[in-house]
Amino acid sequence: MTGRRPDIAPNWYETAFDAMYPLVYAHRTVAGAKPEVGFAVKQLEIKSGQAVLDLCCGNGRHLVHLLKCTPRVVGLDYSRHMLNFAKSLVKNAVRLVRADMRNIPFTGAFDAVTNFFTSFGYFFTADENLEVARGVARALKPSGRFFIDYVNRANIEQTLVPQSVTDHDSYQVRETRWIDEQTARLNKFTEVYREGRRVGEATESVRLYTPDEFSGLLVAAGLRVEQFFGDYSGAPLGDSTPRMIAIGQKA
């Protein structure tokens, strides 16, 4: 492995979620999403008939299970590739919307907004990430609730694996990860090889937040954090828990 750390463009997300993404994240399955949705539905108290937005729905693996709770589900994502994958899973049962999450095209439409698998903090400026949270608040009905599943900064600083190699059939995925202390960002460079020849590469980058920073951002956007969890079993947030799950309500 090269361990190369290329410069990451501010618009990295425009190319990261291409046709190679399902290969890189093959371990993130529809079956694996079931308990995650179950936990979110329980915490948000989603009832049949309520409207739910899955923000950054990706390939639709969470949409499949949200549909079992309520038929009024909308999936929003920027990637055409991901939306095509989602379409193959949910057919016409879910309205799929292509939009930039800095400009969520809904106002007062949803009882709940879900955001799984660290699909936040993509942008290089605080104002842009704040605008995403403001969009969540705007999309919610009065007293609507939100669920944001994010990486736990304290844990990733202790457990980050700098390099890894994973084989998938005839493909090999090589990943290099690092934290930029100056910008407080978690970065990743992925290379995909087939039979020794590189066939794809991508970069990813998300802002790392402390719980206080994250709560402050959400409050500034018009959201009130009621509770943090550290994983999908309902454990309290701590330095050793893998996730930082924020649950709350529109202020």
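Tutor: Gladly! Two strands count as paired if DSSP finds at least two bridges between them; the strands themselves (E, at least two residues) and the helices (H or I, at least four residues) are DSSP runs, numbered from the N terminus. This is a predicted model, in which local features need pLDDT of at least 70 and side-chain atom pairs count only at pLDDT 80 or more, while totals for chains, interfaces and linings use all residues. Residues are numbered from 1 along each chain as its sequence is written, and side-chain values use heavy atoms, with hydrogens and water left out.

Let us take domain 2 as our part. The domain assignment, which is automatic or comes from a database, gives domain 1 (20–152 + 210–250) and domain 2 (155–206).

Start with the open sheet of 4 strands, which has the order β6-β7-β8-β9 and antiparallel pairing. β6 and β9 are its edge strands, each with a single partner, so one side of each has no neighbour in the sheet. On average, neighbouring strands here are turned by 15° against each other, direction ignored; the axes behind such angles are lines fitted to C-alpha atoms, for helices over the stretch in contact, and angles run from 0 to 180 degrees between N-to-C directions.

Now look at how domain 2 sits against domain 1. Their C-alpha centres lie 24 Å apart, and 18 residues of domain 1 are in contact (heavy atoms within 4.5 Å) with 15 residues of domain 2.

The space beside these strands deserves a careful look. Pockets are found on a 1 Å grid over the protein atoms alone: a pocket is an open set of points where a 1.4 Å probe fits, with protein on both sides within 12 Å along at least five of seven lines, and its lining residues have an atom within 4 Å of a point. Grid points are joined across faces, edges and corners, and a volume is the space filled by probe spheres set on the points.

The largest pocket has a volume of about 1100 Å³. It is lined by 48 residues, of which Y21, Y25, F117, T118 and E204 are the closest to its centre. Two or more lining residues come from each of α2 (21–24), β2, α7 (153–159), β6 (163–168), β7 (171–180), β8 (185–194) and β9 (197–207). Both domains give residues to this lining, so the largest pocket lies between them. By class, the lining holds 26 nonpolar, 13 polar and 9 charged residues, where Ala, Val, Leu, Ile, Met, Phe, Trp, Tyr, Cys and Pro count as nonpolar, Asp, Glu, Lys and Arg as charged, and the others, Gly among them, as polar. F117 belongs to the loop between β4 and α6, and F117 has a positive phi of about 60° although it is not a glycine.

The second largest pocket holds about 300 Å³ of space. Of its 17 lining residues, F124, D180, T183, R185 and S205 are the closest to the centre, and α6, β7, β8 and β9 each give two or more residues to the lining. Here the classes divide into 8 nonpolar, 5 polar and 4 charged. Again, both domains give residues to the lining, so the second largest pocket lies between them.
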